[in-house]
Amino acid sequence: MIRLLTTIFAAFFAASVHAIDLKSVRSSADQDSSRVVLELSGKPKFSHFNLNNPSRLVLDINNLSTRTLQSLDSIDDSRIKRVRSSARGNGSRLVFDLSGDYRSNVFALGPKGRYPDRLVIDVVGYVAGEKASVRTTSVSDTAEPPVEKRDIVVAIDPGHGGKDPGASSYGVVEKKVVLQIAKRLARRFQSEPGYRAVLTRDDDRFIVLKDRPRIAREAGADFFVSIHADSFPKNRNVRGTGVYALSLRGANSELSRWLQNTENADDLAGGVDLGDVDNDTRQVLLNMSMESAIRISKQAGEGVLSDLKDAGRVHKKHLGLANFVVLRSPDIPSLLIETGFLSNRSDAKRLSSSREQEKIAAAIFEGIKRYFEKSPPANTFVAWRKQNAGKRMTIEVKRGDTLSEIAARYGLSLQALKELNGLETNVIHLGQKLEVPVSSR
Ligand SMILES: [Zn+2]
């Protein structure tokens, strides 16, 4: 009996300590999207997924109490028909019934200034007749700070490492050259506005294969690219690069393995909590996520392949689909790139040359970037820049501004900013008017 009481007390205690409340709800809309901002009393633990027919956004906030959810009724929005809420475990499930086939996304913002923790729900899709001015009015009314548009996260995985050197030939070791190429690739993404790189290893350490996609998932990666070098000692004439995409078979076998293990399923599909849905629904959700990951892998892979073709010799002319362990994330578009054959003397030489490494990194970078510039994920800086492409605004030079700072702020190179404004030098003066793209963060 004492034990039972302790258990009950512990459960109650755990629930009450971590529970957060909904403090207020704001919503605004324009022609392109609707935004709902939930102001919360603490950091939300959440996951979300979309369902079709009818179109719904399901948002689970695992630590949100159901106490004040009636304020959700105040949302008046043409894209959101209504919001239903219910208790779920120690938290709440919110279901947004959408009035059309809209994309949606959810992200958290930490406390800033007088704003508490927030959860932002964006529902994106054109609605004719929606007044474009609505959002502006509401923004100035409530002084919501501009939402930080997130970076596209590219996880870069240098193959092998530590006790596993990979292939080696002519004094060139795979784990070393792939790390060098990966670092060059990471630098390119880091210096590109709107992108962020995460390396699965940045030194000579051993990481088991299955941990590599996991590191990417934990970093919230939009894309995973594994860098390797091949070896084929039987025929030392074989040379060139090869590009492999996430394969249906690989993803499928991983998917079924994951489906058998509920714990793993939580990791999947952008952290969708699949604990409570039945097996069929789970299968459908995971399949949707997997099919889109494969489609994106292939599209980006074709891009990388064509850039690599321009940069040098390609061993496999077509995109390969292979059942590599690192290419089995059913939810993250993934590529594996064999940068060349160390068993071939000229490839080995090429892969150890810093100039050639830079060329390979540039080709991979351009290929992946081209895909994302065409189809950027919602709520990213790149998506926003694309939506506002060609739109310009005038800014005034303030005290302490430099031209290169202004360029960085608006996602331009210094040269592009100078060209846009017909400037010959880097000298600017206080109060000077400059044209910039509508794409500040
Ligand atoms: Zn390898």
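**Note on the cores and the zinc site**

1. Start with Ile156. Leaving aside residues up to four places away in sequence, Ile156 touches Ala182, Leu185, Ala186, Phe189, Ala197, Val198, Leu199, Thr200, Val225 and Ile227. Contact here means heavy atoms within 4.5 Å.

2. A word on the basis. This is a predicted model: local features need pLDDT of at least 70, side-chain atom pairs count only at pLDDT 80 or more, and totals for chains, interfaces and linings use all residues. Numbering runs from 1 along each chain as its sequence is written, and side-chain values use heavy atoms, with hydrogens and water left out.

3. Ile156 belongs to the largest nonpolar core, which has 41 residues. Ile156, Leu185, Phe189, Val225, Ile227 and Ile364 touch the most other members. A nonpolar core is a set of buried Ala, Val, Leu, Ile, Met, Phe, Trp, Tyr and Cys residues joined through side-chain atoms within 4.5 Å. Buried means under 20% relative accessible area, exposed over 50%, and partly exposed in between (1.4 Å probe, protein chains only). Helix α10 (residues 354–374) gives the most to this core: eight residues. Helices (H or I, at least four residues) and strands (E, at least two) are DSSP runs, numbered from the N terminus.

4. Now the metal. Which residues are the protein donors of the zinc ion? They are His160 (NE2), Glu174 (OE) and His228 (ND1), lying 2.1 Å from the ion. Donors are N, O and S atoms within 2.8 Å of the metal (3.2 Å for Na, K and Ca); water is not among the atoms, so sites may look incomplete. In sequence the donor residues follow the spacing H-x13-E-x53-H. Glu174 in helix α3 (residues 174–190) and His228 in strand β13 (residues 223–230) link distant parts of the chain, 54 residues apart. Both Glu174 and His228 are buried.

5. His160 is not a glycine, yet its phi is positive, about 60 degrees. Most residues other than glycine have a negative phi. His160 is buried, at 17% relative accessible area.

6. Tyr170 also has a positive phi, near 50 degrees. Its place is the loop between β10 and β11 (172–173). Is Tyr170 buried or partly exposed? Tyr170 counts as partly exposed, at 37% relative accessibility.

7. Last, helix α4 (residues 211–218). Its buried residues are Asp211, Arg212, Pro213, Ala216 and Arg217. Gly220 follows α4, with a positive phi near 70 degrees.
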